[in-house]
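Have a look at the sequence and structure first, then read on.

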Amino acid sequence: MFEDLKGKRVLITGSTAGMGLATAREFAKHGAKIGINSHITDGAEQAVAELQELGAQGVVFIQANLMKTAECERCVSEFVAEFGGMDVLINNAGGLGGREGLENIDDEFYDRVMDLNGRSVLMMTKYSIPHLRQSAKESGETAAVVGTGSIAAREGGGVGAGIYAASKAWLHDIHRNWVKEFTKDNIRFNIVAPGTIDTAFHDGKSDELKANIASTIAMGRFGKIEEVAPTFLFFSSHQYSGYITGQILDVNGGQMCP
Ligand code: NAD
């Protein structure tokens, strides 16, 4: 499956751990050329070696803090300098950014959460568009942007996570706008919306809280990163999803059925 991903140039943000790394592993098994990214170097060297071992045609790690516009521009430039273009952008970097009730939210908190989940995606996409447009023109097939949304975007998030949930709803919606602007260029935009997936995202939670959350999921357990990764490949593959754009695919074990 996904044979057409072989040799594709794929930049995955926030991909030295969690769902981003699991997705990079799947692309590697399919022989893609992969850019992985994080704001920190922890785990990067091992990830590059693992992806090469799994069969990637090329791997580059780009350290860049995507909360900053200039870093997004540099991240895209370094990826393109390595592989000569870009066929797929996966906007996965993001996170909770802390929990605060409304009455404690200040400008610094708001900016942090929105920069991490909103500005990063906006600017990464902005700087990638010319390369994706060129890819589609040269191949005669669609190029793809896939974003990591969230169940929180649909149901508002937990107490203290309102800005995070709203930032993901913002992400879900801006993809709809980009469909209108860039379908003429043969670029598709889709969202993978995970439910509760077992990653460092939930590190601060007690075992009791995790069990309570699991009890709200129809499948009775958190999802695994390997269960989310294939959805990113599906949306990246012109062969398998070339007529799909502007959609949100929920990967949540039945936690919510929108
Ligand atoms: P994770 O913490 O395991 O991975 C996050 C990755 O992003 C790491 O590689 C980290 O280094 C990188 N990163 C963090 N800040 C960055 C920055 N400023 N610039 C560049 N890279 C940065 O978490 P995860 O759960 O795999 O999260 C991946 C995405 O999934 C996030 O967008 C998150 O909001 C979303 N999400 C997670 C869940 C869940 O339950 N785990 C649910 C819905 C959505």
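What follows covers the model's ground rules, the ligand site and a handful of residues elsewhere in the chain.

## Ground rules

This is a predicted model, with local features needing pLDDT of at least 70 and side-chain atom pairs counting only at pLDDT 80 or more, while totals for chains, interfaces and linings use all residues. Residues are numbered from 1 along each chain as its sequence is written, and side-chain values use heavy atoms, with hydrogens and water left out.

Helices and strands here are DSSP runs numbered from the N terminus (H or I, at least four residues, for helices; E, at least two, for strands).

## Around the ligand

Where does the ligand sit? You'll find the ligand in the largest pocket. A pocket, on a 1 Å grid over the protein atoms alone, is an open set of points where a 1.4 Å probe fits, with protein on both sides within 12 Å along at least five of seven lines. Sitting there means that more than half of the molecule's atoms lie within 2 Å of the pocket's grid points.

The ligand has 31 residues around it, and the closest are Ser 38, Asn 92, Tyr 164, Thr 199 and His 202.

## Polar contacts and cover

Which distances separate the ligand's oxygen atoms from the side chains of Thr 16, Lys 168 and His 202? For Thr 16, a polar side-chain atom is 3.0 Å from a ligand oxygen. On its own the ligand exposes 830 Å², and the protein buries 92% of that. Those areas come from the Shrake-Rupley method with a 1.4 Å probe.

Buried means under 20% relative accessible area, exposed means over 50%, and partly exposed is in between (1.4 Å probe, protein chains only). Beyond its neighbours within four places in sequence, His 202 is in contact with Thr 196, Ile 197, Lys 210 and Phe 222. Contact means heavy atoms within 4.5 Å.

## Thr 148 and Pro 194

Thr 148 belongs to strand E5 (residues 143-148) and Pro 194 to strand E6. Thr 148 is buried because its relative accessibility is 5%, and Pro 194 is buried too, at 4%.

Setting aside residues within four places in sequence, Thr 148 has contacts that include Asn 91, Asn 92, Lys 168 and Pro 194. From its own side, Pro 194 is in contact with Thr 148, and its other partners include Met 19, Gly 149, Val 228 and Val 251. Glu 103 is 91 residues from Pro 194 in sequence and 28 Å from it in space, C-alpha to C-alpha.

Ile 90 lies in strand E4. Why is it called buried? Because Ile 90 has a relative accessibility of 1%. Not counting residues up to four places away in sequence, Ile 90 touches several residues, among them Val 10, Leu 11, Ile 12, Thr 13, Val 146 and Phe 232. Its C-alpha is 9.8 Å from that of Asn 190, 100 residues apart along the chain.

Leu 51, in helix H2 (residues 44-54), is buried at 0% relative accessibility. It touches Ala 24, Arg 25, Ala 28, Ile 36, Ala 56 and Val 59, again leaving out residues up to four places away in sequence. Leu 51 and Arg 25 are 26 residues apart in sequence, yet 5.9 Å apart C-alpha to C-alpha.

## Loops and positive phi

Gly 97 is in the loop between strand E4 (88-91) and helix H4 (107-139), and is partly exposed because its relative accessibility is 22%.

Asn 186 has a phi near 65°, a positive value in a residue other than glycine. Asn 186 lies in the loop between H6 and E6 and is partly exposed, with a relative accessible area of 36%. Phe 2 also isn't a glycine, and has a positive phi of about 55°. Phe 2 lies in the segment before strand E1 (9-12) and counts as buried at 7% relative accessibility.

Methods:
A residue is near a molecule or strand if one of its heavy atoms lies within 4 Å of it. A polar contact is a pair of N or O atoms within 3.5 Å; within protein, one must be able to donate a hydrogen and the other to accept it, and residues adjacent in sequence count only if both atoms are side-chain atoms. On a 1 Å grid over the protein atoms alone, a cavity is a set of points where a 1.4 Å probe fits but cannot get out, and a pocket is an open set with protein on both sides within 12 Å along at least five of seven lines; lining residues have an atom within 4 Å of a point.
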